[in-house]
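Thanks for coming, everyone. Please bring the model up on your screens, and I will walk you through it.

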Number of protein chains: 2
Amino acid sequence: MPKRKTEKAKVVTVASASKRAGRAAGKATVSSTDSGNGSAGAIRKRNVARILKAAEAVFSKDGFAGASTAEIARKAGVPKANLHYYFRTKQDLYSAVLVEIVESWLDALEEIESDSDPAAALAQYIAKKMEAAKNSAQPSRLWAIEIIGGGRHVQPFLKGRLRKLVEEKGAIVQKWIDQGKIEDIDPPHLFFMIWAMTQTYADFGAQMTAVLGRRTLDDAVFEDATQTATRLILRGLGLKSPL
Amino acid sequence: MPKRKTEKAKVVTVASASKRAGRAAGKATVSSTDSGNGSAGAIRKRNVARILKAAEAVFSKDGFAGASTAEIARKAGVPKANLHYYFRTKQDLYSAVLVEIVESWLDALEEIESDSDPAAALAQYIAKKMEAAKNSAQPSRLWAIEIIGGGRHVQPFLKGRLRKLVEEKGAIVQKWIDQGKIEDIDPPHLFFMIWAMTQTYADFGAQMTAVLGRRTLDDAVFEDATQTATRLILRGLGLKSPL
DNA sequence: AAAAAACCTGACCTTTTGGTCAAAATATAT
DNA sequence: ATATATTTTGACCAAAAGGTCAGGTTTTTT
């Protein structure tokens, strides 16, 4: 690994990376339609997708340091050199994976929008997040590893879009409080708690299966989890649990 | 690294490792008092402690794969070869660190014992766990990384002592439910939620500081967190929050 | 059909890393 | 004091890892 003089890795953030892949820089946008399939850039799109998918899996296992480009390449079914053709460095690949996760991240929070009924909105949000924990356990774990490690690669996102979103949604919660619709609570902490209660079922699944004596966390467990979380939050806010 | 043929690491569990350090096996227990200081074995004890402390810090940063024995040795202030004198392999050292964490782990759960008042007991437990998240953030993060990675090294602990403990304490919670003292809830999930709500302040601290626009999570934040968690749980169970 | 662009890949290089070793230094027991 | 056990450490090794590169193949464009 030639370009690694000091310990300090140059920390490529999600903002700065993610373009400029391939020997030639980011392949000017496809002319005309660009429907995702078709002719130009099709090979690239397909291979990039395969590599990203493999990378997500491998990074999820042991984080950035634990993953090897060789293993990712093997899993993606391409020679290592080909992987490095699309993603110059391991860092670039890692950032690209995080970008994908981050994007899908925001949809969920966006959901709680509006001045709809607090109980319904919160229940909906919890259900969505729990669903994500079940169906996107791997990205969730990768995200967790990144944050536990300090979240260096996603710092701009955290301090930017996410923070702003939390402020927005927090304002809505505060309005509910002011209107006497829910009990008093610190809005950001409410979000932290909901995130924790849902993501724990992805991140700490291994601990739960062991404790519960199950081989996997099946749908029934997730239903119990959703119900438990919903009850605690809604009742905790002085609302009636819809059940 | 000579002894690494296949990818499959031999997974030394906490049960199997942790003794047999040093060139000569586990140094027969010190005769007489063994007060921790004194003459015989003093050097060993001191150095082992230093190395373990350094190892905990380094492993916490990037998990097993991300840590290097060289860095741990540097941080501990001993030559790398000396580290390998006390801990034959990186795995041994990792397991030893986990053992230490695991031991301190159980105390907290042990706390919720008894047929005392549910509200008081739970509030106490949450406070204790949150305190641990604040004061033992590093071990908490290391534990999280281990579990996210599948918890291979602590499998016996999870399926053994922890599972049994959860069963015991779960029975107490169930009794509370049966006696009509608290609302109906799935006991294991209640524990999962409490663990999640408290540990998230250690594991996801980086995300919170960014979102909150703070530089660190200070005492005030932890007070808010404790209050929020306590309220949600107690009210969620139909209890009066003690505030 | 020819030129240009994009893609593919085996071989290779350098740094890092976990681990070993043998000889020296220090501590402990007799 | 002498012998024995423990501790210390610089030098060294082989495997693995990230990354490069030149030359070949395929695809796209003109």
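**A residue to start with**

Met208(A) counts as buried because it has 23 C-beta neighbours inside 10 Å. The cut-offs are these: a residue is buried with 20 or more other C-beta atoms within 10 Å of its own, exposed with 12 or fewer, and partly exposed in between, the C-beta atoms being placed from the backbone.

Some ground rules. This is a predicted model, where local features need pLDDT of at least 70, side-chain atom pairs count only at pLDDT 80 or more, and totals for chains, interfaces and linings use all residues. Residues are numbered from 1 along each chain as its sequence is written, while chains are lettered from A and ligands numbered from 1 in the order in which they are written.

Back to Met208(A). It lies in helix H9 of chain A. Helices here are DSSP runs of H or I with at least four residues, strands are runs of E with at least two, and both are numbered from the N terminus. What does Met208(A) contact, leaving aside its neighbours within four places in sequence? Leu217(A) and Phe192(B). Contact means that the C-beta atoms of two residues, placed from the backbone, lie within 7 Å. Ser95(A) is elsewhere: 113 residues from Met208(A) in sequence, and 30 Å away in space, C-alpha to C-alpha.

Now the helix around it. H9(A) is mostly covered, with six of its eight residues buried. Those six are Gly205(A), Ala206(A), Gln207(A), Met208(A), Ala210(A) and Val211(A). What do they pack against? From chain A, H6 and H8; from chain B, helix H6 (137-148), helix H7 (155-178) and H8. Just after H9(A) comes Gly213(A), with a positive phi of about 70 degrees.

**Chain A as a whole**

Step back. Chain A has ten helices and zero strands. Of its 243 residues, 41% are buried. Take the contacts in chain A with a separation of 6 or more: 67% of them join residues 24 or more positions apart.

**One packed pair inside chain A**

Two packed helices are described by the angle between their axes and the distance between the axes. Look at helix H5 (residues 118-135) and helix H8 (residues 187-203), both of chain A: the angle is about 25 degrees and the axes are 8 Å apart. Axes are lines fitted to C-alpha atoms, for helices over the stretch in contact, and angles run from 0 to 180 degrees between N-to-C directions. So H5(A) is roughly parallel to H8(A). The cut-offs: under 35 degrees is roughly parallel, over 145 roughly antiparallel, 65 to 115 roughly perpendicular, and the rest oblique.

Who meets whom? From H5(A), Tyr125(A), Ile126(A), Lys129(A), Met130(A) and Ala133(A); from H8(A), Ile194(A), Thr198(A), Gln199(A), Tyr201(A) and Ala202(A). By class, this contact has seven nonpolar, two polar and one charged residues. Nonpolar covers Ala, Val, Leu, Ile, Met, Phe, Trp, Tyr, Cys and Pro; charged covers Asp, Glu, Lys and Arg; the others, Gly among them, are polar.

**Across to chain B**

Next, the contact between the chains. It takes 48 residues from chain A and 48 residues from chain B. On the chain A side, the helices that each supply at least two residues are H1 (42-66), H6 (137-148), H7 (155-178), H8, H9 (205-212) and H10 (219-236). By class, that side has 25 nonpolar, 13 polar and ten charged residues.

The axes of H8(A) and H10(B) come within 10 Å and cross at roughly 65 degrees. His189(A), Leu190(A) and Met193(A) in H8(A) meet Asp224(B), Ala225(B), Thr228(B), Ala229(B) and Leu232(B) in H10(B). This contact has five nonpolar, two polar and one charged residues.

Stay on H10(B). Its buried residues include Val221(B), Ala225(B), Leu232(B) and Gly236(B). What covers the buried residues of H10(B)? The cover includes H8 and H10 of chain A, together with helix H5 (118-135) and helix H8 (187-203) of chain B. After H10(B) comes Gly238(B), whose phi is positive, near 80 degrees.

**A last residue**

Finish with Ala57(B), in helix H1 (residues 42-66) of chain B. Ala57(B) is partly exposed, with 18 other C-beta atoms within 10 Å. Not counting residues up to four places away in sequence, Ala57(B) touches Lys75(B) and Gln138(B).
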